[in-house]
Amino acid sequence: MRKTTRAALLCVAAALSLTACAAGKGGGSNSGAAAAPGKDDKITLTVWSNYSDREYEEVTKALNSFKKKYPNIEIKHEGAQDDDKITAGIRSGNPPDVAMSFTTDNIGSFCSTGAFQELKPYIDRDKPPMDQINEAVRSYTEYKGNRCAMPMLTDIYGLYFNTDMLSAAGLTKPPSTISELLDYAKKTTKKAADGSIEVAGFLPTMMFYNNRPQIWAPFFGAEWDKDGKSALASSPGWTEMFKFQKDLVDFYGYDALERFRAGLGQEYSADHAFHQGKIAMMMDGEYRTAFLKAQAPNIKFGTAPFPVLDSKKSELQGVGFTTGTIMGIPKGAKNPGAAWELIKHMTFDKETIVSLANGIKNVPSTKESLSDPNLQVDEQFKTFIDLAKSGKLKGNPVTPIGDAHIKAVGDYATEWQSGKSTDLAAGLKGVDQQIDDQIAKAGK
Amino acid sequence: MTATLERVDVRRTAPAKGRSRARARNRFTVLAFMAPAIIGFVLFFGYPLIATVIFSFTKYDLINPPEFIGLGNYTFMWGDKLFWTSIENTLWFVVVVTIARTVFALGVASVIARLKSGVGLIRTLCYLPSLAPPVAATLVFFMVLRPNGGPLNKVLDFFGVDSPLWFSDPSWAKPGVTAIMMWVCGDLMIIMLAAILDVPQEQYEAAELDGAGPIRRWWHITLPTISPVLLFGIVNSIILALQLFTQAIVAGSAATGSADPTGSTKNLGYPQNSLLTFPTFLYQTGFRYFDMGYAAAMATVLFVISFAVTIVLVNKMRKSSHAEEGGPGA
Amino acid sequence: MTTTLPNPVVVAREESHAKPRSPRQILDWVAIHSIGLAMGLIFAAPVVFVLLTAVMSDDQAFTADLWPREWHWENFIEVFEKAPLVRYLFNSMLYSLLATLGMLLSSIPAAYALAKLKWRGQNVVFLLVIGAMMLPPQVVAVPLYDTWSSLGLTGTLWPLIVPYFLFDAFSIFLLRQFMLTIPQSYVDAARVDGCTEFQALIRIIVPMARPGIAATALFCFLFTWNDYFGPLLYTSEVKDQWTLSLALASFKGMHFVQWNSAMAVTLLAMLPAVVLFVFAQRSFVKGITFTGVKG
């Protein structure tokens, strides 16, 4: 038995050192740019993304347009790869050459851990037109000055409203301030005799559909941090946001609201409450226009910038929330030089961006492609293009703790709206504390 | 003869002197039979366990080499509100799911055992749900329980009863997940059914002669006879509850309206962290917050606690079966 | 559709000889069968829901409208065009069959050693086997993935299959419990007859524990068949190696989900498992028990 134990220990030691090797072999250098591939190099670039089905086909088509520049490079695009998979690939030394992620929440970790290689040397060398990219989009692809990713298309969020319901309530134009939104929501709500909700003007329930703290924050001028500390309690925007939310919850009655909401359909099904005419207004991204047209042709809707806080109207008008797909070169990628060329192509090549944007109904991420005549823009989609052009977009706050800060606010918001927490100031201080603790622990 | 988890007492069968050759041969046989298992155990359990314990004393972001920080993760754990919430939730599940699943599976098996026709069909129907992939099973259940327009709601409406909000209500979310776990109890149900069917007919007949009704027969004959199966069911259910992950994630994301067929991890714990189970929190910490060191510390704590519980449980089972069966048999 | 699978063998085996005689017995019969039928329907109802969703149009799937407005049976054909399901099916079969085979080869001897041989440290080893089931798989996966990767085996199903040839805690536990119930006297008799332990295992224990072995094999097969986490981690970057359980990922995108296709694939994935269960249950239903042969 003793021998077995010793053998077992040896095995473990061997295996552990094996891992250490795997984790240690960093692959591609982090400093300095790898050379662009020569015209004759036969290279196969692997790209991992989380697309599937028709989106996957469109993205593959766009990736293959790269072959016009580099006929010698083959591209192998694997869909359905989530962030966990990318991390596992990097850790084990077998990452793709280009990784695409939808999770801009993770950018802080991707950059600060070196999971995605720093792109500065490449940018310094090639000087791509960075000013083509919206400032907010630039901010969600870097962390503390370390640019480790580039954007590929963006999502922009705004107000959707059911024009029939608004006009039935005698409202002719969409709300532009929060107090108008509150008023409109009350006017378009229909309650049954027993107090239950038949149609809700606007759902104030946090964490449902796209009611998420990071998406709402810009419209209230709510700031996440100040001097490197979480600053929710001292930013009046948050207090205003929670007050608005509570006002509307109280108007419906929490129990009635929850009963109504719990019965609503899934976001990505034809049963979405807006498709079904069960809500008059909502926050959503530009991609919804295509769904509504395909799945609910009877719903007449308009889009507009989301209403902003009354007291900061002039300052906040035209503001929008944006997020999007990001691309990076993972640590240990086999062909970083060629990968950068591909990323550059996907970020800056106007033709590619425009046709991809048309294909998957997202907003292009460079300024010139926003104005391109080939971009298919209808009345409803135009709102989002205009928001993109406004230059007042806000992105996700970038932290080294993934989306822990968003979860902290979301958790508090769900307690607050249910009436379980009543001391807003103390609650926000608690959230600040929680976020600061997390960030201190991450120590980056 | 017994069917128990009891210790095989070495002294009881102490070999007569001069049997050392037999002992050596015995040792060789054991080694030969256990060899693959020992190698596998070391590689796929021992090694990850040691790695996990080592990681638990480090700051490890999954990308860069772990950095030793002593007890840092453990002290942080002490003040971490979410950690305690997740412990509480998982304890709730361990108690309730274990009881509900075992009792329910036993009940279903007992009914099926008494059926005279259509047994095969009904048995297959009851087993069917446990064949469904967990994500799909959870989503389906979510839709069935849906408070507005779901089938159950329509039935309740008919009786004029307000359906609970299930996964949207922090006090109903856990019972909802428990219901799912009961619905997919088919494997346990099958094992129990077989055990019940195997209870010797003579015993029932004898009891019937003594004037025992069906309930008394079930209580005094069926139950004691199948008790080893019950114990297996309990251990099995505890492990299931400790590792409750997919169902909690899928139910939570569906309640926020963002269900997806592979299990979105966007809203871990929703509503109000009532579904934040220990494994989901651990996953979130390790992979969403890139803090594998802390996740490893949590895994270590979970392992120590559950291992301790196992030892207590197994010993208790051993003792109780001794009491029932009158000492180690076979 | 799966709910009406004929099951003649098993029905015939049950105690159909016991026809009700007195009015009270008839009442009993009606009561217990009503309960049984209701139970069966309740269990099956959500599966019927899956079927109904699978044949709905994309616009109706996952709405409050539960009865298909139109029946799109072609959805079952279309999913084959959307994803290479035959290939996935083959991979799933490969994974499940090899894993089950490996489990049987490694776990039967180990369970025998734990149940029927006497050796020092046996109880500790048994506790460790149970303990091995208690580490969260998400954490275990981190060091293991790195090891498999350094062996160059990620992107294949081998990291999932190989462990079964060595160690599967659940199966060892279950098999041990089965074997414990076989009276020691049978094994002793074999030894007296001059059997080696190996012969005793093959000639006495394996035949006697057949129902238990069948059940363990079935559970192992079904677990691997429905395994999502493992294939996702190890094979998701190589589409050729995907299993049927991963196919669900083909039907969701950044901003869409095809519920009808997802449910159609769910049903298709369940089908082989249901068939297997229907045929396999006869080999163990009358005998999976820890009490085994009564003295």
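Author: Two residues are in contact if their C-beta atoms, placed from the backbone, lie within 7 Å. This is a predicted model, in which local features need pLDDT of at least 70, side-chain atom pairs count only at pLDDT 80 or more, and totals for chains, interfaces and linings use all residues. Residues are numbered from 1 along each chain as its sequence is written, and chains are lettered from A and ligands numbered from 1 in the order in which they are written.

Reader: How do you know that chain B is in contact with chain C?

Author: By that C-beta rule, 93 residues of chain B touch 94 residues of chain C.

Reader: What makes up the side of chain B that touches chain C, by class?

Author: Ala, Val, Leu, Ile, Met, Phe, Trp, Tyr, Cys and Pro count as nonpolar, Asp, Glu, Lys and Arg as charged, and the others, Gly among them, as polar. On that division this side has 68 nonpolar, 18 polar and seven charged residues.

Reader: Which helix gives the largest share of that side of chain B?

Author: H1(B) does, with 19 residues. A helix here is a DSSP run (H or I, at least four residues), numbered from the N terminus.

Reader: What makes the contact between chains A and C?

Author: 30 residues from chain A and 29 residues from chain C. Helices H1 (2-24), H2 (53-64) and H3 (83-91) of chain A each give two or more residues to the side that touches chain C. H1(A) has the largest share, six residues. The classes on this side of chain A are 14 nonpolar, 10 polar and six charged.

Reader: Why is chain B divided into domains 1 and 2?

Author: Because domain bounds come from an automatic or database domain assignment, which gives domain 1 (16-55) and domain 2 (72-324). Their C-alpha centres lie 33 Å apart.
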